[in-house]
Amino acid sequence: MHNLCAEMARYGVSPADIGRVLNCSERTVKNKMDGKTEFAIREAFKVRDNFFPGLRIEYLFASDGDGTE
């Protein structure tokens, strides 16, 4: 999730901010970002719509090394 991390840094969005939108803990968000668990599609859209409305889901949630970064 290199792109998501980069955009979070660029826009000043923290895992806690995302947790508030998704109604989950910061630890849960970090687990999702680290690939330990996955973002549900509805969660991905919520994150995109709330914080990065001008960016594509495919870009934000690209797996590291899948060539879509």
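This is a predicted model: local features need pLDDT of at least 70, side-chain atom pairs count only at pLDDT 80 or more; totals for chains, interfaces and linings use all residues.
Trainee: How many residues does the largest nonpolar core have?
Mentor: A nonpolar core is a set of buried Ala, Val, Leu, Ile, Met, Phe, Trp, Tyr and Cys residues joined through side-chain atoms within 4.5 Å. Buried means under 20% relative accessible area, exposed over 50%, and partly exposed in between (1.4 Å probe, protein chains only). Those with the most contacts inside the largest core are Leu4, Met8, Ile18, Phe39, Val47, Phe52 and Phe61, and its number of residues is 16.

Trainee: Which helix gives the most to this core?
Mentor: Helices (H or I, at least four residues) and strands (E, at least two) are DSSP runs, numbered from the N terminus. At least two residues of the core come from each of helix H1 (2-11), helix H2 (15-22), helix H3 (26-33), helix H4 (41-51) and helix H5 (57-60). The helix that gives the most, with 3 residues, is H4.

Trainee: With which residues is Phe61 in contact, leaving aside its neighbours within four places in sequence?
Mentor: Contact means heavy atoms within 4.5 Å. Phe61 is among the core residues with the most contacts inside the core. Leaving aside its neighbours within four places in sequence, Phe61 is in contact with Met1, Leu4, Phe39, Ala44 and Val47.

Trainee: Why do the buried residues of H4 line one face of the helix?
Mentor: The buried residues of H4 are Glu43, Ala44, Val47, Arg48 and Phe51. The arc is that of the directions from the helix axis to the C-beta atoms. Ile41 and Arg42 are exposed on the other side of H4. The buried residues line one face because, seen down the axis of H4, they fall within an arc of 130°.

Trainee: Is Arg48 buried or exposed?
Mentor: Arg48 is found in helix H4. Leaving aside its neighbours within four places in sequence, Arg48 is in contact with Pro53, Leu55, Ile57 and Leu60. Its relative accessibility is 17%, so Arg48 counts as buried.

Trainee: Against which helices do the buried residues of H3 pack?
Mentor: The buried residues of H3 are Val29, Lys32 and Met33. They cover an arc of only 100° around the axis, so they are on the same side of H3. These buried residues pack against H1, H2 and H4.

Trainee: What is the phi of Asn23?
Mentor: Asn23 is found in the loop between H2 and H3, and with a relative accessible area of 72% it is exposed. Most residues other than glycine have a negative phi. The phi of Asn23 is positive, in a residue other than glycine, and is near 60°.

Trainee: How many disulfides does the count come to?
Mentor: A disulfide is a pair of cysteine sulfur atoms within 2.5 Å. The sulfur of Cys5 is 15 Å from the closest cysteine sulfur, in Cys24, which is too far for a bond. Cys5 is partly exposed at 36% relative accessibility, and Cys24 is partly exposed at 24%. By this rule, the number of disulfides is 0.

Trainee: Which residues are the closest to the centre of the largest pocket?
Mentor: On a 1 Å grid over the protein atoms alone, a pocket is an open set of points where a 1.4 Å probe fits, with protein on both sides within 12 Å along at least five of seven lines; lining residues have an atom within 4 Å of a point. Grid points are joined across faces, edges and corners, and a volume is the space filled by probe spheres set on the points; for the largest pocket the volume is about 200 Å³. Of the 15 residues that line this pocket, the closest to its centre are Met1, Glu38, Phe39, Phe61 and Ser63.

Trainee: Is Ala62 buried or exposed?
Mentor: Ala62 is found in the segment after H5. The C-alpha atoms of Ala62 and Phe45, 17 residues apart along the chain, are separated by 14 Å. At 3% relative accessibility, Ala62 counts as buried.

Technical notes: Residues are numbered from 1 along each chain as its sequence is written. Side-chain values use heavy atoms; hydrogens and water are left out.
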